Amino acid sequence: MGNFNRAQSHVRSAVSTILKERPPEVWELYHEHSKLRRGDREFLIRIGGFFGNPSLQALTGRVFKVYATAPKVRLDGIADDESHLERLIRSRRSAQAWSQTAVPLPAVARLLKGASGITGVGTSTSISQFFRAAPSGGALYPIETYAALFRVDGAMEGLYHYDARENVLEQLDRESGLRARLAGATAYPGVVGRSAFLIMLTAIFERTTLKYGDRGYRFALLEAGHIAQNVCLMAEELGLGALCVGGFYDREVEALVGIDGIDESVIYMVAVGYKAGTGE
Ligand SMILES: Cc1cc2nc3c(=O)[nH]c(=O)nc-3n(C[C@H](O)[C@H](O)[C@H](O)COP(=O)(O)O)c2cc1C
C-alpha cells in the first residue's frame, strides 16, 4: 500500500507541475476530465439513470440506423464460404466468467505478438523503421502494452511491459497482491481478478500529438482500439476468451503501473483467460 500511496502523490504532484508550466492542451483537459474517479457522482447518476429507465435499456443491442425507403442490395447468401477469420469474428463473444486453468506462456507470447508485435521492417529510409501488428497514424505508435500475469504457466505472477522490438516481457513488479490491487482498481474486481492475465494499453500521447496536435489524441484512442481488437481475435484463435474493460479508475491503475497519467496514461484494458467450462 505504501508504493500505491507514493505513486498516487507522485501523480498528483505531476498534474500540478504540468498545469503550472504551460496552459494545458484541449486534449489534455478532455483526457483528465474523462478519467473515471471512484464515487464519481455525475457518472454514477448517469449510469443509474440508464439502468433505471426500461426504454433506454431496451436500446441495448438494438441500435441500427436504417434508410427505410432507400433501394437495397441484398448481401445474405451471395458470398463464398466463411473464412477462418470470418469464423473467429463471428464466434468472438466477451468472456463473462473464467475457468481457473493456467494459460501457457507460448499462448501469451502469440497473443502479444499478434496484438502489437513487430511485423515488418521498412527499408525506405537509411534508418530501420519497425512496423507493427496494428496500424498507426504516421507509424508513430503511441500505444504501450503491459501485461499483468496472474495465472500463466511458465512465467511468474507479476506486472510486465511488452518490449515489442525485442519481443520480450520486462518484469516490473512481482509484489504479492498485485492481482487484487489491479482488479480492485476496476469496477469489476470479481471478473478481472479471476482472469488469467490482464492486458493494459497506455498511450504516450506526445509521440503523436507532437505531429498531429489534438487530432493525435484521437489517433491514440483509435490505435488502442485496433490493438484491443487484435487481442480479442488472437484470444479467439488460441481458444481463450477476452473481456474489454473500460470501467477502471484511471489514476489508481496508473499508480499501480508506475506511470504518471500525464505523459503516459492508461487507455484500455483487456482481461484474458480460458472461458468458464473450457481449457480443463
Ligand atoms: C470500449 C469498451 C469498454 C467496455 N468496458 C467494459 C467493462 O468495463 N466491463 C464489462 O463487463 N464489459 C465491458 N465491455 C464489453 C461489452 O460489454 C461487450 O463488448 C458488449 O456487451 C457486446 O458483447 P460482445 O463483446 O460479447 O459482442 C466493453 C467494451 C468496449 C468496446
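How many bridges join strand β6 to β7, and do they run parallel or antiparallel? The views below, taken from a predicted model, start with this pair.

**View 1. Strands β6 and β7 side by side.** Strand β6 covers residues 158–163. It is joined to β7 by 5 bridges, and the two run antiparallel. Asp-163 stands opposite Val-168 in β7.

**View 2. The open sheet of 6 strands.** The strand order reads β7-β6-β4-β8-β10-β9, and the pairing is antiparallel. Two strands form the edges: β7 (168–173) and β9 (241–245). Each of these pairs on one side only. On average, neighbouring strands of the sheet are turned by 30° against each other, direction ignored. Strands of a sheet pair through backbone hydrogen bonds.

**View 3. Helix α10, residues 214–237.** This helix has 24 residues. From first C-alpha to last, α10 reaches 36 Å, close to the 34 Å expected at 1.5 Å a residue. Gly-239 follows α10 and has a positive phi, near 80°.

**View 4. The shell around the ligand.** Arg-93, Ser-94 and Tyr-188 are among the surrounding residues. Leu-243, Cys-244, Val-245, Gly-246 and Gly-247 also surround the ligand. By class, the shell holds 4 nonpolar, 3 polar and 1 charged residues.

Definitions and conventions
Residues are numbered from 1 along each chain as its sequence is written. This is a predicted model: local features need pLDDT of at least 70, side-chain atom pairs count only at pLDDT 80 or more; totals for chains, interfaces and linings use all residues. A residue is near a molecule or strand if its C-beta atom, placed from the backbone, lies within 6 Å of it. Ala, Val, Leu, Ile, Met, Phe, Trp, Tyr, Cys and Pro count as nonpolar, Asp, Glu, Lys and Arg as charged, and the others, Gly among them, as polar. Helices (H or I, at least four residues) and strands (E, at least two) are DSSP runs, numbered from the N terminus. The expected span of a helix is 1.5 Å times one less than its number of residues. Two strands pair if DSSP finds at least two bridges between them. Axes are lines fitted to C-alpha atoms, for helices over the stretch in contact, and angles run from 0 to 180 degrees between N-to-C directions.
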